[in-house]
Amino acid sequence: MTNRSALSRLAYLALVLLVLLFLAVPILIIVPMSFSDSRFLAFPPPGYSLRWYEAFFGNADWLDAARTSLTVALLATLLATPAGFMAAYAMHHSRLRAMKWLRTMLLLPLMVPIIIVAIGVFFVYARIGLVATLPGLVVAHAMLGLPYVVIAVSAGLAGFDATQEMVARSLGMNRLRSVLTVTLPQIRPSVVSGAVFAFISSLDETIVSLFIAGGDNQTLTKRMFTTLRDEIDPTIAAISVMLTATSFLLVLVVIGLQRKKA
Amino acid sequence: MQACAPTPPPATPSRRHARREDRLMLALAAPAALVVLLLLVLPMAWLFAQSFYDGGFTLQHYRRIFTERIYFDTFALTFRISVATTLLALLLGYPVAYAAARLPQRWRLVVLGLVLVPFWTSVLVRAYAWLILLQRTGVVNKGLQAAGLIDSPLPLVHNELGTMIGTLHILLPFMILPLYATMQKIPHDLLMAGSSLGGSPAHVFRRVFLPLSLPGIVAGCTMVFVLCLGFYITPELLGGGKTIMVSMVVSRNVELYNQWGAASAVSVVLLACVFAIFALIGRFLPLERVVAPR
Amino acid sequence: MAARQYQRIAAAVLGAAASTAALAAGQITFVSQGGAWQEAQTQGILEPAAKQLGITIRQDSAPDAWPMIKTQGETGKPVWDVVDTPTVNCLRGGKAGLIETLDYGKLPNAKPMPAAYKSPYSVAYEFYSSVLAYSKDTYKTNPPSTWADFWDVKKYPGHRSLRNHPLATLEAALMADGVAPDKLYPLDVDRAFRKLEEIKPYITVWWTSGGQSAQLLHDGEVDMIMAWNGRVSDLIKSGANVAYTYNQGVLQSTHLCILKNSPNLETAHAFVNAAISPELQANIPLSIDYGPGNPEAFKTGKIPAARTQELPSAPENAARQALMAYEWWTSPEGEAAEKRWLAFMQSK
């Protein structure tokens, strides 16, 4: 009895470790690849150097693309967070039947296959001349980030005791102030985590950007995609390492904030 | 945590107030709704219209999809890969989610971290990493040959297998996270009660834990399956040009042939499948629990 | 008579003044295929032309410009001005009303160019070849030199790769089946696809990008490949043990064309004229293994004789190759062949 359970326990742990390894290995090898001194993607790298990081920082086009990506991500998040918050608040408090449809509609960007989202947005933008523009990218990424904000804020509102807000309002505060001063601080971790998810998803977004970014407004991901088509070189690995590190740090911030709440 | 039911404002509930409240709520939801409406719903409606158009109303795009062999093959291949990936993701992801849910805080963060970090590495780069690992002169083959397990390199990439490995890698977190979220909520006391009533660990697992984790299983499988249906970059890079999935057909029709009619028709069929799945699941589970399970 | 002449001169002077004024603040968006080729162009052609004309040149890149050409053309308000793209796209686009008919009056540098290098919509920019390249590690003695060799899996065992695109691949298949390089057109599409079915099981990868083709050969993932000569020379220069042959290669070209309703039509024409000037064209082979579109470039003396011989469009090399007939590819049969490619790739 004990032997069997010990053996099965061991097998189970081994399986978990193997799966975690499976998840980790490609990420792990990208790091040494980014320090490779070979012109081609190779693992293990024949030698080490910082040339690909230098190639990135020394290249105006890459830096422009990075700037574009960061700007778009920031603006898209700034757009998606209040819009998503308001929508989540409305859906939480309203009894209108329309809200059910709204809930489904706001989740659509996550449900519809991204290629269809991409060609749809591309088609609209091509007609109104928003292709290869910054506002175009910002709005599209904001749309893609909305579900994350809505989901996170909805979860936060669900766990929030709304009587507090009601009390503040019955004491004479108008709705806006009561939301800002009572509700928002208490569900801040949810809002922040939704915003962070929206930000990261914008940074990593590849397919829609492939269709609608261009010219002066290339995102990092689109440039990576087109560069990989043209010249498969380890600059991509260097950029990826930096992007992952950025996302990772942001998540740590979120966790830190959540810890503070608890 | 139960939310309080929405209560009317402190003044006497009157129809005027209720209507003002409704209008306020609609106004609050308007910006978000407008963006999604204009950039997603409208284009999809246009795609739908476009799929019936080729100089005039026509069913030829759909006829081609349902009569030409290659479309059937493409959908069949896509479904086959999606089903296989979903099952594998479930089999491999469940133990990991279980471990994460039951481990003490510090280890839990490590496991979740390992699951999330690949999540935020560019899909492109991950696909290329797998290419480097799996190719004939890659580390995996070299290792297997060095260990004497094989004589000549195995074709691990540039085919369906490579596509599945890459896809599995990318979608595994989408299985593990919903599973974990649901498992985390299963009260430990229930399991204790089960075993204190005489059930063996296996029995408790099968009759208590597993059913309670079902919403997470459904959510995870749905997300993985639907995402896999729409996968584009991974089959493109790891499939060797031979593994053609539906989204690649859509993109090629747009990019290469600029045939919006054909692209739209394929998109509509794909969307119909996706919506059918969500509608089916929606009968058993609220949509939001699927996309963001709690 | 005299009055009319004066009128014409006056108009020309005014026109020149106007266009110079436009040029003074001029700018264009130039699109090519990215990578090393676009970098070489930037140094050799774009920067000198910008300085010469006093204009700003914004760049964009697209591995395949055709979809964007179509989309931008359809909106009637293109963002791109000048595109460097395989000739077939210029011809297709012209026929579809998406590409401007060139005003050859504004392109004096095009006059000495052979008629075959010009079309109503475009003018030759550079020449490249799709060639048979192979690993010297695998084929130490008696390397493959014809497409029949590529198709001969018994005599030349090894892993193979072809481009995931019918252009040049169909030609190679026909040459493998015994058709002479100068008798390829109009292509016998059925015969080409039949021949391709023979080799299909032995193709390890169907490559989609230049970078990918180079990586495949470099990593030893494949032993034989049909690839663009520039990519392979690049590999050889960086020390890879590979080689290629111009024998039975397919000589292809890219042309410059201007999108219809381009926002900077005047400047675009001025740029095209500068880009095909012999001086700037001669810069192309100095930094990359592609031949200049304008043969006058060979007369400038900038290109060393040894270098000339390496280029795809050099007479001795061109003689061994098949010159791609873009006219055929833009014909209905050509379009049908392209559509058939996807079906071919998906069939078991």
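Visitor: In chain A, where is confidence lowest and where is it highest?

Guide: Confidence is lowest in helix 11 (residues 235-261) of chain A, at a mean of 79. Helix 3 (residues 60-93) of chain A has the highest, at 92. The scale is pLDDT, the predictor's confidence in each residue, from 0 to 100. This is a predicted model, where local features need pLDDT of at least 70, side-chain atom pairs count only at pLDDT 80 or more, and totals for chains, interfaces and linings use all residues. Residues are numbered from 1 along each chain as its sequence is written, while chains are lettered from A and ligands numbered from 1 in the order in which they are written.

Visitor: What are the mean pLDDT values of chain A and chain C?

Guide: For chain A the mean is 85, and 97% of its residues reach 70 or more. For chain C the mean is 86, with 92% of its residues at 70 or more. The predictor also scores the complex, giving an ipTM of 0.83 and a pTM of 0.82.

Visitor: Where in chain C does pLDDT stay under 50?

Guide: Over residues 10-24 of chain C. The model has 10 contacts for these residues beyond four places in sequence. A contact means that two C-beta atoms, placed from the backbone, lie within 7 Å. Where pLDDT is low, predicted coordinates should not be read in detail.

Visitor: What pattern does chain A follow along the sequence?

Guide: Chain A reads α-α-α-α-α-α-α-α-α-α-α. That is 11 helices and 0 strands. Both kinds of element are DSSP runs, numbered from the N terminus: helices are H or I over at least four residues, strands are E over at least two. The C-alpha atoms of chain A fill a box of roughly 70 × 70 × 30 Å along the principal axes.

Visitor: How many residues of chain A touch chain B?

Guide: 78 residues of chain A are in contact with 69 residues of chain B. Helix 1 (residues 2-34) of chain A brings the largest share of the chain A side, 12 residues. By class, that side has 60 nonpolar, 13 polar and 5 charged residues. Nonpolar here covers Ala, Val, Leu, Ile, Met, Phe, Trp, Tyr, Cys and Pro; charged covers Asp, Glu, Lys and Arg; the others, Gly among them, are polar.

Visitor: How many residues does chain C bring to its contact with chain B?

Guide: Chain C brings 17 residues, and chain B brings 16. Helix 3 (66-75), strand 6 (203-207) and helix 16 (332-346) of chain C each supply at least two residues of the chain C side. Helix 16 of chain C gives the most, 5 residues. The chain C side divides into 6 nonpolar, 6 polar and 5 charged residues.

Visitor: What makes strand 1 and strand 2 of chain C a pair?

Guide: A pair needs at least two bridges found by DSSP. Strand 1 (residues 27-32) and strand 2 (residues 56-61) of chain C have 6, so they pair, and they run parallel. C:Phe30 stands opposite C:Gln59 in strand 2 of chain C.

Visitor: Why is strand 7 of chain C called largely enclosed?

Guide: A residue is buried if 20 or more other C-beta atoms lie within 10 Å of its own, exposed if 12 or fewer, and partly exposed in between, with C-beta atoms placed from the backbone. In strand 7 (residues 224-228) of chain C, 5 of the 5 residues are buried, so the strand is largely enclosed by the rest of the structure. C:Met224, C:Met226 and C:Trp228 point one way, C:Ile225 and C:Ala227 the other.

Visitor: In which sense does strand 7 of chain C run against strand 4 and strand 5?

Guide: Strand 4 (residues 122-135) of chain C joins strand 7 antiparallel, over 5 bridges. There C:Val131 stands opposite C:Ala227. Strand 5 (residues 160-163) of chain C pairs with strand 7 in the parallel sense, over 2 bridges. C:Ser161 has C:Ile225 as its bridge partner.
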